[in-house]
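This report describes the fold of one protein chain. Look at the sequence and the structure first, then read on.

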Amino acid sequence: MLIRKPDDIPSSLITPKEQYVNRRRFLRGAVAGGLSASAAALGVERLAEMISPRTAALADAQKLQTVKGSLTTTGETLTTFEDITHYNNFYEFGVPKNEPAQNAGVLPTRPWTVRVEGLVKKPKTFDIDALMKLRPLEDRVYRFRCVEAWSMVIPWVGYSLSEFIKQCEPLSTAKYVQFLSYYDKHVEKWASDTSIFWPYSEGLRMDEAMHPLTLLTFGLYGQVLPNQDGAPVRVVVPWKYGFKSAKSIVAVKFLEKMPPTTWNDQNAGEYGFYSNVNPSVDHPRWSQKTERRIGVPFYEQRKATLMFNGYGEQVASLYAGMDLKKNY
């Protein structure tokens, strides 16, 4: 259920933020920086002592100034920072869920710009730091549902994508928005013989992109996005399967016609353009009626999938009159 009182979340249901913004933060940074697995085995307390003040200062610099968002999901236990950052789909950096955390450290997140092209009054380029200051950054908790039938509850940081789109000044003829992700064949770890055509492309209908729930996202758990989660900027569309939420965006294009999207191009029979969470439309190889919640005890993991991921009250009107089995 989506309500507009985020302060109503019972503290007993929220994973303690300090657990992940303190010493474990240092441990992750140390391991990402090249500490061996045996060093990691020394434990959080010992590693915290080993890490220099300069490293600690850099970790503190990852914090974001945020305000409480009015559009947030309440009453659900947050997935831990550790799980959010170590169970990822980011195929440019590897297919197994643990590989993006291992490999995405090579992603160069500064300097970073986002190009705006297509049906706009004037093409323009936004610097990432200016983009982060365009609007106050909000804390928003969203359910996140993957097409592979697993899910998380993530405290994202950002502001409504519509605020950015207004700055882009799209023409009235623009009906779709396309997002292109960063890709450099000399940097990415993904195998050279992959059949995926890079860069990664995703798209939304304009009214979907303008919906206030659609988030232009710069962080999670009050910190800048880790590389493996789509740094430095991504979109999050909470009522759609996760692959619709493009990561590491370098270009935004406004188009009159539906853009090509990576997974729809790969296999249109399995990955539709809309990809709204819908328990009544199974993936050809597995059911979508239930999902596995990452990071909770085994007996609590299996949950019933909610139509539109539980955001139907807010977004169902976008699809009035559409056959959602045909337009999956």
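## The chain as a whole

The chain has 328 residues, and buried residues make up 51% of them. The model is a predicted one. Its secondary structure consists of 13 helices and 15 strands.

Contacts can also be sorted by how far apart the partners lie in sequence. Of the contacts in the chain with a separation of 6 or more, 73% are between residues 24 or more positions apart.

## The nonpolar cores

The largest nonpolar core contains 70 residues, and F164 and F254 have the most contacts inside it. Strand β7, which covers residues 150-160, gives the most to this core, namely seven residues. There is also a second, separate core of nine residues, and I196, Y200, F243 and W263 are among them.

The surroundings of F254 can be listed. Apart from neighbours within four places in sequence, F254 is in contact with V116, E117, G118, L119 and V120, as well as with I165, C168, P170, A174, Y176, V177 and M206.

## Strand β8

Is strand β8 mostly covered or mostly uncovered? Strand β8 spans residues 176-181 and is mostly covered, with six of its six residues buried. In a regular strand, side chains alternate between the two faces of the sheet. In β8 both faces are covered: Y176, Q178 and L180 are buried on one side, and V177, F179 and S181 are buried on the other.

Strand β8 is joined to two strands described here. Five bridges link β8 to β9 (residues 201-205), and the two run antiparallel. In this pairing, Y176 has R205 of β9 as its bridge partner. Six bridges link β8 to β13 (residues 249-255), again in an antiparallel arrangement. Here V177 stands opposite F254 of β13. F254 is also one of the two residues named for the most contacts inside the largest nonpolar core.

## The second largest pocket

Which residues lie nearest the centre of the second largest pocket? They are N89, F90, Y91, F243 and K247, out of 30 residues that line this pocket. Its volume is about 500 Å³. F243 also belongs to the second, separate core.

The largest share of the lining, four residues, comes from β7.

How values were computed:
Residues are numbered from 1 along each chain as its sequence is written. This is a predicted model: local features need pLDDT of at least 70, side-chain atom pairs count only at pLDDT 80 or more; totals for chains, interfaces and linings use all residues. Side-chain values use heavy atoms; hydrogens and water are left out. A nonpolar core is a set of buried Ala, Val, Leu, Ile, Met, Phe, Trp, Tyr and Cys residues joined through side-chain atoms within 4.5 Å. Buried means under 20% relative accessible area, exposed over 50%, partly exposed in between (1.4 Å probe, protein chains only). Contact means heavy atoms within 4.5 Å. Two strands pair if DSSP finds at least two bridges between them. On a 1 Å grid over the protein atoms alone, a cavity is a set of points where a 1.4 Å probe fits but cannot get out, and a pocket is an open set with protein on both sides within 12 Å along at least five of seven lines; lining residues have an atom within 4 Å of a point. Grid points are joined across faces, edges and corners, and a volume is the space filled by probe spheres set on the points.
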